[in-house]
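My notes follow in the order I took them.

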Amino acid sequence: MVPANATSSPSDSLRLEIVGAGRSLVHRLPSLNRPYKPFPVIGWNCHTETIFAAFFRALPDVRYRRECLRTRDDGAVALDWVCGDDREIPAASPVLILLPGLTGGSGDTYVRHMLVKARSKRWRVVVFNSRGCADSPVTTPRFYSASFTEDLRHVVKHVGTRYPGSRLYTVGWSLGANILVRYLAEESHNCALSGAVSLCNPFDLVLADENFHKGFNVVYNRSLARALQKIFKKHALLFVDMGGEYNIQAAANPRSIREFDEGLTRVSFGFKSVDEYYINASSSRSIAHVHTPLLCIQAANDPFAPGRGIPRKDIEENPYCLLIVTPEGGHLGWVAGDEAPFGAPWTDPVVMEFLEHLESGSIENPSPFQANSAGQSPDILHQFESIMS
């Protein structure tokens with residue numbers, strides 16, 4: 001049963017919250033000049049929307065060609081490229097790297113819809129499957145974590161070397177979005193990406209963990225714990241006789257994400273406790289240091305990524321960041337827009353309009369979003385918000 005207190009009525013405000021120096025950019029993104037209209041009934045409840053999107057959204061047919069990439073610590077990740085792209089997509093076309101959420105991969109509906117949308121614009125797309133995800137090989141007793149950016153750094157460098165004449169962009173969802181924002185901050189002025197999009201980012205992992213233990217969210221917590229357990233058991237032999245602070249029994253039979261992280265993740269990545277891991281791995285602590293154009297889209301009613309964890313002040317003060325918060329959407333749901341309820345989420349056209357705007361070369365100044373405000377009326381944002389009301 002979906003909790004009644006998670007429901008909003010169709011008469012509630014459909015106003016988008018827009019934060020950041022890039023607010024003047026919104027009038028250039030056609031999808032944002034139309035009201036946000038959640039699909040009736042499905043889109044009025046965060047749990048209904050989250051579950052519907054996960055189980056009933058159409059799965060586009062995509063044929064992949066897999067490339068296994070060895071990492072610096074002898075681990076491995078899997079890059080799934082679209083079959084035929086080397087023949088059909090021009091060599092200098094922009095490349096979009098997709099980074100799924102926790103335990104997610106190239107088979108997930110939200111990933112494939114984004115891939116199809118980008119490819120329809122003649123972009124080359126590759127899905128970065130983290131260690132153990134989407135049957136990516138695991139060759140060392142170490143998976144991945146919210147704090148670990150080395151694999152993404154390795155993938156970006158590899159893709160850039162393979163397509164030296166192309167500009168690179170990345171879209172990350174959920175935990176993948178958290179990793180992406182941390183990577184952008186660490187790279188700062190030296191980032192090889194020309195732009196990025198963060199979707200459903202938990203931002204503050206301490207608050208996200210707290211949310212996972214409340215009400216109906218416990219169901220999601222157990223489901224993700226089972227997904228982690230499934231990945232772990234496929235590679236359990238790599239972890240036999242692991243000593244020290246490892247608790248392999250807890251990792252093999254977790255009742256929550258926190259139990260898995262306590263038994264395995266935080267030890268693998270050198271943290272003294274789960275809370276220390278969550279605090280240090282939270283991308284809310286690093287977004288102020290991002291110097292790459294970044295669009296963040298969140299849902300106000302996301303059960304995984306609570307709105308109180310969004311670092312609004314840091315985003316507002318960072319000239320490279322733009323935040324859009326939709327009134328509904330759930331987690332990886334956004335059952336709204338022209339293709340609802342079974343097609344692509346509402347976010348996909350917005351993401352592509354943003355990335356195409358960056359690729360067009362219209363952003364040239366060191367402060368990218370301010371570059372678009374030159375000569376524009378200060379009333380543009382107010383006009384836009386009136387459209388959404």
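The model is predicted.

**Overview.** I counted 14 helices and nine strands in the protein chain. The chain has 389 residues, and 59% of them count as buried. I then checked contacts between residues at least 6 apart in sequence: 79% of these join residues at least 24 apart.

I looked up the backbone with one expectation in mind: most residues other than glycine have a negative phi, and most peptide bonds are trans. Arg122 has a positive phi, near 70°. Its relative accessible area is 43%, so I list Arg122 as partly exposed. Ser188 is not a glycine either, yet its phi is positive at about 50°. I found Ser188 in the loop between H5 and strand E7 (193–199). Ser188 is buried, at 18% relative accessible area. Next came a cis peptide bond, from Ala340 to Pro341, with omega near 5°. Pro341 sits in the loop between strand E9 (321–326) and H12.

**H3 against H12.** At what angle do H3 and H12 pack? I read about 45° for H3 (residues 109–120) and H12 (residues 347–359), with the axes 10 Å apart. That makes H3 oblique to H12. The crossing of H3 past H12 is right-handed. On the H3 side I noted His113, Met114, Lys117 and Ala118; they meet Asp348, Pro349, Val351 and Met352 of H12. By class, this contact of H3 with H12 holds five nonpolar residues, one polar and two charged.

I also checked Thr109, which lies in H3. Thr109 counts as buried, because its relative accessibility is 15% and the cut-off is under 20%. Beyond its neighbours within four places in sequence, Thr109 contacts Ala53, Arg57, Ala58 and Leu59.

**H4 against H5.** The axes of H4 (residues 150–162) and H5 come within 10 Å and cross at roughly 70°. H4 is therefore roughly perpendicular to H5. Leu152, Arg153 and Val156 are the H4 residues here, and they meet Ile179, Leu180, Tyr183, Glu186 and Glu187 in H5. I sorted the contact of H4 with H5 into five nonpolar and three charged residues, with no polar ones.

**Cores.** Which residues have the most contacts inside the largest nonpolar core? I got Phe143, Leu184, Ile287 and Leu294, in a core of 63 residues. Helix H5 (residues 175–187) gives the most to this core, with seven residues. Leu184 contacts Cys191, Leu193, Ala196, His289, Val290, Thr292 and Leu294. A second, separate core has 40 residues, including Leu115, Val127, Ile324 and Trp346.

**Pro141.** I ended on the loop between strand E5 (124–129) and H4, where Pro141 is found. Is Pro141 buried, exposed or partly exposed? Its relative accessible area is 32%, so Pro141 is partly exposed. Pro141 and Ala236 are 95 residues apart in sequence, but their C-alpha atoms are 8.7 Å apart. Not counting residues up to four places away in sequence, I listed Leu238, Phe239, Met242 and Ser268 as touching Pro141.

Conventions: Residues numbered from 1 in each chain as written. Predicted model: local features only at pLDDT ≥ 70, side-chain atom pairs only at ≥ 80, totals over all residues. Heavy atoms only, no water. Axes fitted to C-alpha atoms, helices over the stretch in contact; angles between N-to-C directions. Helix = DSSP H or I, 4+ residues; strand = E, 2+ residues; numbered from the N terminus. Parallel < 35°, antiparallel > 145°, perpendicular 65-115°, else oblique. Left-handed = near helix turned anticlockwise from the far one by under 90°. Contact = heavy atoms within 4.5 Å. Nonpolar A, V, L, I, M, F, W, Y, C, P; charged D, E, K, R; others polar. Core = buried A, V, L, I, M, F, W, Y, C linked by side-chain atoms within 4.5 Å. Buried < 20%, exposed > 50% of the residue type's maximum accessible area, 1.4 Å probe, protein only.
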